[in-house]
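Biologist: I would like to learn how to read salt bridges, pockets, cores and cavities in a model. Could we take one feature at a time?

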Amino acid sequence: MSEKVKSMAGKNLSKLMIKGYMDLHEKAAKGAFCVWIAINVPAEIFAGFDNVVYGVPESHAAMCAGKGIGVLQCEKAENTGYSQDLCSYARIDIGNLTDGSKDSPSFGLPKPDLVVSNNNNCALISKWFDVHHREMDIPHFIMDIPFCYEPQKQKNQSYIISQIKDLISLIEKLSGQKFNFDKFEKAVFHSWEGFCEWKNFLELAKEKPSPVTAFDSFVHMAPFLTLRGTPVLKEHFKILAEEARQNIKTGNLPVKKEKYRLFWDNIAPWHQLGKMSKRLSQMGANIVGASYTSCMGTVEGSFELYKWDEKDPFEYIARMMNSYMCPHGMELRYSSMKGVIEKLGIDGVIFASNRSCKPYSITQMDQQKRISDYFGIPAVMIDVDHADARKYSEENAFMRIGALLETIDSKRKN
Amino acid sequence: MDFVKAELSADGGLDNGKVILMKEKSVENQIEKLKKSGEKVIGCFPLYPPVELFASMGLVPAVLWNLKKDVENLSLSDLHLQSYACSIAREMLEFILSDKGDMFDALFAYNACDTLRNLPEIVVSANKKAKRDIPLFNIHIPQVNRQFSDPSQYIENEIDSLIKKIEAHFDTAFSEDTFTETATAYSLMRNLIQEAEILVSKGKLSFLSFCETVLSGYTASAKEQIDNLHKLISKASDPVIKRKKKIIISGIMPPPLPVIEKIEDSGFLIASNDIASLKRTYGYSPAVTDNPGKYYADLYENSFPCTTLLYQGDKRIKAFFDLIYLSEVDGVIFAGEKFCEYEYFEFPYLEKELKKRGIPYLNLEFGTDDRENFESHFTRIEAFAEMISMHAVKTNF
Amino acid sequence: MITAGIDIGSITSKAVLMKDMKVLGFDVISTGYNSEKSGKEVLNLVLDKCFVNIEETDSIISTGYGRNRLSFAHKKITEITCHAAGAHFQDKKIRSVIDIGGQDSKVIILDENGSVTDFAMNDKCAAGTGRFLEVMARALELDLNDFGDISAKAKKAAHISSLCTVFAESEIISLISAGEKRENIIRGIHESIGTRVGALALRAGLRSPVMMTGGVSRNTGVVRSLESRLGVSINVSSYAQVNGALGAACLGFR
């Protein structure tokens, strides 16, 4: 974050992402069957086909926001009648399509033959993908993932598996390609290995001071979205973890004088990563962990790695459908968060109330109270929007964060 | 139905079926009355709970649609929900967490939307803190596209598990015969609502009185509601003004009653509606059967399409334009619910198509703050009326 | 034939008197607590000014927020229809009217007869209304009337991103403390309004030529910002503030 020189892992990430987008465009141009998916859709199944590629509008939107063109893209959608109250990812994606992706850093995504939404981390993504379904006249497959208040039940796992198989049949029918189980299984294995390495990396945040900052972790999540099921996951996260270990030794740390160890709850504020991390670092504060990064590779109720027995890949990916973005009940999220706060030795929590994401934000007010009561640590709520900078006020947010740090200080004195 | 009677006479008479002095019935009073007569009441989160099933098992379902008049402020809800949650969720939470919530014998929720799916745990945990023991039943209503996946078995299992939970909690037994009877009563009720709707479309009943009756039915038994509807229908009279501008209203909830009154006073005839708490609820009755699993598989697949039932997107658009053509309307009024993104994702498409077809429309939005002061809504409605009539009479200066 | 149009707005009340489709005179006063009283007062002022007796008027039409409170008006017409009629009276070619009022902003599309074919109004939020400008003027401790001139001196627009009036106000306060030039801040405020009202205009399907009415149209900074955002030139009504009342008076001839 604060370092001027781009890290090894950072360079590798840029290389991977550029190559990923280039491959995607190239293969699609040569006639690959292209699917657009919601982030939780198990993309490993596409690897089971010879020539199926996928794009992730949410990830593309986050990238636009990170590159500072979120507002520009949102306004294009608003000018065609989309309400400002809609999710900013959706507005960016819809706005981007109004002018042939002319402002997109990746030239957008290749035109899809099919869209697949998943209603668990957000039911509205189905409404959003319906926009594409109507505009481009392509089929829309909705993965219906029952919301969990308790750990996933067997009946729901079976229900999800049956839908995954329905989706495979649909792609076979539409693309004329045959699904190959072995290739799919291999892809699932690659993702699983990627999760293992990711967890090894996040574990390093236990160190004091921490070599890990959520601002970097947020960005490094991208391959989990766009390069799922590939061996680069393991390779990349190995580099990331190795570099973090080196940094402990050399003292090249994100916040050198780490006075406050904070935890972040919600999607990353993509348009603020640079500014926010710099300002926090000047205050001696490091966001060492986040529910958004911790949930990868885990299941509801705990942020510890969910260990796959490496048997049935269908069962595993169905089991992981409540992973990305932790879309499950308040009790389960509370239990996950409790574990990681304890483990990382957190001094305070920032609940980022995100106008663009009700699934993540509703229950945060209860969660804030519970966490403060249970741990006796302060927690603040700030208003953010993950991709629309117009709905964020830096002064307003930092006034609260400042107060949070002061509370931590006064608790220490006592 | 003493309550309705008393209110009608106190209003000092009826004009064309329209209650002159408007007073929205309080949900609290209605539930209180049910409780006094010894009924058990299950408070249901909107939008489409399995009401027939509850009724057949001795629980009067109260669908908690419109509690604006029942909550004075949102002080309890504000402890749990951010201000960008919709008014339906915030007002419902306020009601349930207040003393009024004690009246419920049980609560019910399903995965209606991203906000409503999170409310059950907020309610349960707040109730637990307040040492209040009200069971909350929950089911998942499948959202898969029917052309790719068949969810009927899943629905049947969910309904089955719901029945078992109710049986266990209330020490009661499900009866196929009672379910058949209840489903028949609800079917009759929906048919009567449709009969009344036709009278509204002919100008023989006001949309205002229609809404009042239908909405108050969400906190009443089917039997009571059937009586109310008979009364409403008997008030139909020949329209005073024959030629009015025909419109349909679309949205999650109908506009507040004073706004409906304004719409009608501005010379609009509400030929039909595409409203979740109205047409999308009463627009379809499944074939009566003694098997609730099959009944609900049918209902959720074939109901009058709603934007919140994700698999009905295409059907919803088609149903919307079918309504417009069947009713030969002059315009459309959208009654948007602030922060209900479901509607707002489809709106630009409907807007574009309406423009293409040359059908004027007006976009109104209602939120938590719209309780009393509707001046700016009135201006928009009047301007819309002027706009439509100016097209007929050309200005010459 | 003599007609009067009275526009009771939230801040000011306006009256226009016309004879045979020619303007005899107009006046503007502050709207007090009592709309009826303000309406009568402003009408009497303009009647006196033009030496016309109230008995000589054939039609009195009210418009604006207080239109329904004038018992003596013969007809009440919304400001949307009246603004269209007022613009049409001034220039038959006008196809769109942008009106930024204190409480709301609107974009009206009209046809060759001056009839409204479509209109769009701001949503619940105050950003993009005259109210937004007032709040910002207060934060800057400046007179709103000077905004246009001061912003003309700006070399660049300060970036004000917030959609929310409260957030934007705090953004401006931090810009001030960061030493940003006030002309740049004001230009930024105008850009912000331009963005909001511009989006409304695009949604309504803006058609040229465009006329801007209402008090804010006298703020050249807002007009410039809208022009560059929409890529059109905007005629500012010479009757800017009284355009609604003018339209009402015109509609009295119908």
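Modeller: We start with a single pair. In this predicted model, Arg228(A) and Glu44(A) form a salt bridge, with the closest N and O atoms 3.1 Å apart. The pair joins distant parts of the chain: Arg228(A) sits in the loop between helix H10 (222-226) and helix H11 (232-250) of chain A, and Glu44(A) in helix H2 (residues 44-47) of chain A, 184 residues apart.

Biologist: Do Arg228(A) and Glu44(A) count as buried or exposed, and why?

Modeller: The cut-off for buried is under 20% relative accessible area. Arg228(A) counts as buried because its relative accessibility is 10%. Glu44(A), at 2%, counts as buried as well.

Biologist: Which residue forms a salt bridge with Asp103(A), and how far apart are the closest N and O atoms?

Modeller: The partner is Lys76(A), and the closest N and O atoms are 2.7 Å apart. Asp103(A) lies in the loop between helix H5 (88-97) and strand E3 (114-118) of chain A, while Lys76(A) belongs to helix H4 (residues 70-79) of chain A, 27 residues apart. Here the two ends are read separately. Lys76(A) is buried, with a relative accessible area of 14%, whereas Asp103(A) is partly exposed at 26%.

Biologist: Where in chain B are Glu52(B) and Arg190(B), and how many residues apart are they?

Modeller: Their side chains meet in a salt bridge of 2.6 Å, N to O. Glu52(B) is in helix H3 (residues 51-56) of chain B and Arg190(B) in helix H7 (residues 176-201) of chain B, 138 residues apart. Glu52(B) has 0% relative accessibility, so it counts as buried; Arg190(B) is buried too, at 6%.

Biologist: Next, pockets. How many residues line the second largest pocket, and which lie nearest its centre?

Modeller: To read a pocket, take its space, then its lining. The second largest pocket holds about 1300 Å³ of space. Its lining has 50 residues, with Lys6(A), Leu13(A), Ser14(A), Lys67(A) and Val219(A) nearest the centre. H1(A) gives the most to this lining, 9 residues. By type, the lining divides into 28 nonpolar, 15 polar and 7 charged residues. Domain 1 (3-178) and domain 2 (183-413) of chain A each supply at least three of the lining residues.

Biologist: Which residues touch the most other members of the largest nonpolar core?

Modeller: Among its 275 residues, these are Phe46(A), Tyr89(A), Trp264(A), Trp270(A), Tyr292(A), Phe207(B) and Phe119(C). The element that gives the most to this core is H7(B), with 9 residues. Domain 1 (3-178) and domain 2 (183-413) of chain A both give residues to the core, so it lies between them.

Biologist: What is the volume of the largest cavity, and which residues lie nearest its centre?

Modeller: The count of cavities of 30 Å³ or more is 12. The largest cavity has about 320 Å³ of space. It is lined by 27 residues, and Val51(B), Met189(B), Arg190(B), Tyr218(B) and Thr281(B) lie nearest its centre. Arg190(B) is also the salt-bridge partner of Glu52(B). H7(B) supplies the largest share of the lining, 4 residues. The lining residues divide into 19 nonpolar, 5 polar and 3 charged.

How values were computed:
Residues numbered from 1 in each chain as written. Chains lettered and ligands numbered in written order. Predicted model: local features only at pLDDT ≥ 70, side-chain atom pairs only at ≥ 80, totals over all residues. Heavy atoms only, no water. Salt bridge = Lys/Arg side-chain N within 4 Å of Asp/Glu carboxyl O. Helix = DSSP H or I, 4+ residues; strand = E, 2+ residues; numbered from the N terminus. Buried < 20%, exposed > 50% of the residue type's maximum accessible area, 1.4 Å probe, protein only. 1 Å grid on protein atoms, 1.4 Å probe; cavity = no way out; pocket = protein on both sides within 12 Å on 5 of 7 lines; lining within 4 Å. Points joined across faces, edges and corners; volume = space filled by probe spheres on them. Nonpolar A, V, L, I, M, F, W, Y, C, P; charged D, E, K, R; others polar. Domains from an automatic or database assignment. Core = buried A, V, L, I, M, F, W, Y, C linked by side-chain atoms within 4.5 Å.
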